[in-house]
Amino acid sequence: MQSRPTVLVYHADRRYAELVRVPRRGVTVRIAATSSEAASAIAEAEILYAWKFPPQLYAKAGRLKWLQVMGAGVDWALVPELPPSVQVTRAPGIFGPWMAEYVVGWCSWVTQRMKLYRDAQRQRRWDDHVLPDRLAGKTMTIVGLGDIGREIARVARGLGMRVLGVSRRGRPARAAARMYPVTAMAQALREADFVVLLLPLTVETRGIFGPDALGAMKPTAWLINIARGAVVSEAALLEALEQKRIAGAVLDVFDREPLPPSHPLWRMDNVVVTPHISGPSTPEAIAPVFNDNLARYLAARPLRHVVDRAQGY
Ligand code: OXD
């Protein structure tokens, strides 16, 4: 460890750096808002606090020991260029409440038939032929039951929903009435009224949600993807949506972001597109996680929330 380690904060929002609470021994905080600013600071950095750091700059990161990820997913951080000795830490406990409201909000949009009543309102039509439905009694299958999934499960259960979970090994979890290993995912999908994707993007999960998974869903079921676009086979999803083999999809993440204006998903009636906002990162929310780990780092104590680089999450 350098006597006064350098923390490089890589983000355009300066509040991330302003909220770094420096313990007594001190650190030097450097800020980079752009890739070229980062290029001139990375060689000094022992600690990197960043969102989507440019991988080509790791070649110069000779002193780097620890990367604290801002944001929920760590796939962008676990690139081959990142030196193997660097510890990566995530920020759990922050995104679950946001994403739970997103998921339950859009599930309610479906069951409360919000689109239908708004359309009727625009036409000044008193349409009382269709009644809303209830979330209570519906089944939500959450694929990827980490800390975010458990929070979504808690909120969904509070509304009377039945929650099934899918995880790598399918180990029992209090959050779900029943857990399934990923090899038996189709069984959990068959029962779902809402399927929520929350798996990390890894070599194993890329494209995991393809024709078989979509084919296992009920024609009345909705898919909600708040994981990564690439866990779903986009071609299979477009086909399932076009042929109405599933009721619809609420998509916050895409293969290509921003979603190109010519993309067919924009114009599909049974698709809701949101611009990757389901779990926003704020400097205020992540600062306590970083500052706690910074104090540990400087005291040579083990860091918390360390990512298993081999597993990819
Ligand atoms: C993410 C995020 O990792 O938005 O996708 O935090």
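At G73, a polar backbone atom lies 2.6 Å from an oxygen atom of the ligand. Please keep in mind that this is a predicted model, in which local features need pLDDT of at least 70 and side-chain atom pairs count only at pLDDT 80 or more, while totals for chains, interfaces and linings use all residues. Residues are numbered from 1 along each chain as its sequence is written, and side-chain values use heavy atoms, with hydrogens and water left out.

Let us stay with the ligand. An oxygen atom of the ligand also lies 2.7 Å from a backbone N or O atom of A72. The side chain of H276 places an N or O atom 2.6 Å from a ligand oxygen atom. The protein buries 89% of the 210 Å² that the ligand exposes when taken alone; these accessible areas come from the Shrake-Rupley method with a 1.4 Å probe.

Which residues surround the ligand? They are W51, G71, A72, G73, R228, H276, G279 and S281, where a residue counts as near if one of its heavy atoms lies within 4 Å. By class, this shell has two nonpolar, five polar and one charged residue.

I turn now to the domains. The chain is divided into domain 1, covering 6-93 + 281-298, and domain 2, covering 95-273; the bounds come from an automatic or database domain assignment. Taken over C-alpha atoms, their centres are 32 Å apart. Domain 1 contributes 10 residues to the contact and domain 2 contributes six, contact meaning heavy atoms within 4.5 Å.

How much area do the two domains bury between them? The figure is about 670 Å², with 55% of it on carbon and sulfur atoms; buried area is the accessible area (1.4 Å probe) that two parts lose on being put together, summed over both. A72, D75 and G93 supply 57% of the area that domain 1 buries against domain 2, more than any other three residues.

Finally, two salt bridges are counted between domain 1 and domain 2, each a side-chain nitrogen of Lys or Arg within 4 Å of a carboxyl oxygen of Asp or Glu. R90 and D147 form a salt bridge, with their closest N and O atoms 2.9 Å apart.

Definitions and conventions. A polar contact is a pair of N or O atoms within 3.5 Å; within protein, one must be able to donate a hydrogen and the other to accept it, and residues adjacent in sequence count only if both atoms are side-chain atoms. Ala, Val, Leu, Ile, Met, Phe, Trp, Tyr, Cys and Pro count as nonpolar, Asp, Glu, Lys and Arg as charged, and the others, Gly among them, as polar.
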